Amino acid sequence: MKRVATWTCLLGLVTLTGCASVTSGSGERAAPGSVTSSPDFPTVLPSGTSSSEQPSPTSSAPSTTQPPAAPTRQQREDRLTAQTNGEAHVLVKVGRGYEAASFDQQAHIQFWRNVGNTVDWTSLGRSTYPYSPAAGSPAQATVQGALLSRMQHATFILTANLTGDGSGNDVAYTTGRRGWGVIKAEPNGNIGPSGQPVGADKIGLAYHFAFVSGRLKTEDCPSDKPIASCGTDHVDKLWLWTGSDFKRV
């Protein structure tokens, strides 16, 4: 009886040992092809990303910054008025900006440049015109300007009561290698910027100057007739810029 009982116990132990499982957990079986999260097979995430976050691709939005708008002509002109304490002036469009002449009625004229996206003006130079109070007061000066053919800088014509006999009413200004000044006759027969005002010799005065189709026009009194006939008998000449002065055409 003891031997039968002993074998019965041993059979019971073998049976219990064979029923043991090699896995632990709740006993739920993973579906085929699925990945379980376990200490042996951790889920790999990018550094610094928690399991509840998903990395997203970065995208850069196009810049909406716009360059500042260029000042209008009126804004530039208003600034020149302020810089010259309200002096009369005329603007000429040149290249990337403007050039201007401001003047008063007491024989003074000044030249300016404004370039780019600023309203401020830079002084280029100054000159005078041969106004004499004996010719009448005030001078009643007016100025017109233009960018002539082949030129990079403006040309200005000032008209006023410059002589007592009316033979010289206009002076023209532009710039060259000598700087801003009156356009005068040259020894080679051309006319060009002198960098100087009209002197005692009166060279630079004309009965009239004018702008005609990109050229500079001079009107002078004939040397063989009375000055009173200038209005009908003046001598007209057209001048074209050569790069350094004006040549008759």
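Residues 24 or more positions apart account for 41% of the contacts in the chain with a separation of 6 or more, where contact means heavy atoms within 4.5 Å. The model is predicted, so to speak of local features requires pLDDT of at least 70, and side-chain atom pairs count only at pLDDT 80 or more, while totals for chains, interfaces and linings use all residues. Residues are numbered from 1 along each chain as its sequence is written, and side-chain values use heavy atoms, with hydrogens and water left out.

The chain has 3 helices and 13 strands, taken as DSSP runs numbered from the N terminus (helices, H or I, at least four residues; strands, E, at least two). Of its 249 residues, 32% count as buried, meaning under 20% relative accessible area, with exposed set at over 50% and partly exposed in between (1.4 Å probe, protein chains only).

Helix H2, residues 73-83, holds Arg-76. Arg-76 is buried but has no salt bridge, a term for a side-chain nitrogen of Lys or Arg within 4 Å of a carboxyl oxygen of Asp or Glu. Glu-77, the nearest side chain of opposite charge, is 9.9 Å away. A polar atom of the Arg-76 side chain does lie 3.4 Å from the backbone oxygen of Pro-71. Beyond neighbours within four places in sequence, the contacts of Arg-76 include Tyr-98, Asn-114 and Trp-121.

Val-212 counts as partly exposed because its relative accessibility is 31%. Together, Val-212, Leu-238 and Val-249 make a nonpolar surface patch of about 210 Å²; patches are made of residues with over 30% relative accessible area and no salt bridge, with nonpolar side chains (Val, Leu, Ile, Met, Phe, Trp, Tyr) joined within 5 Å and like charges within 9 Å.

Methods:
Lys and Arg count as positive and Asp and Glu as negative; His and the chain ends are not counted. A polar contact is a pair of N or O atoms within 3.5 Å; within protein, one must be able to donate a hydrogen and the other to accept it, and residues adjacent in sequence count only if both atoms are side-chain atoms. Accessible areas come from the Shrake-Rupley method with a 1.4 Å probe; for residues, only the protein chains shown count as cover.
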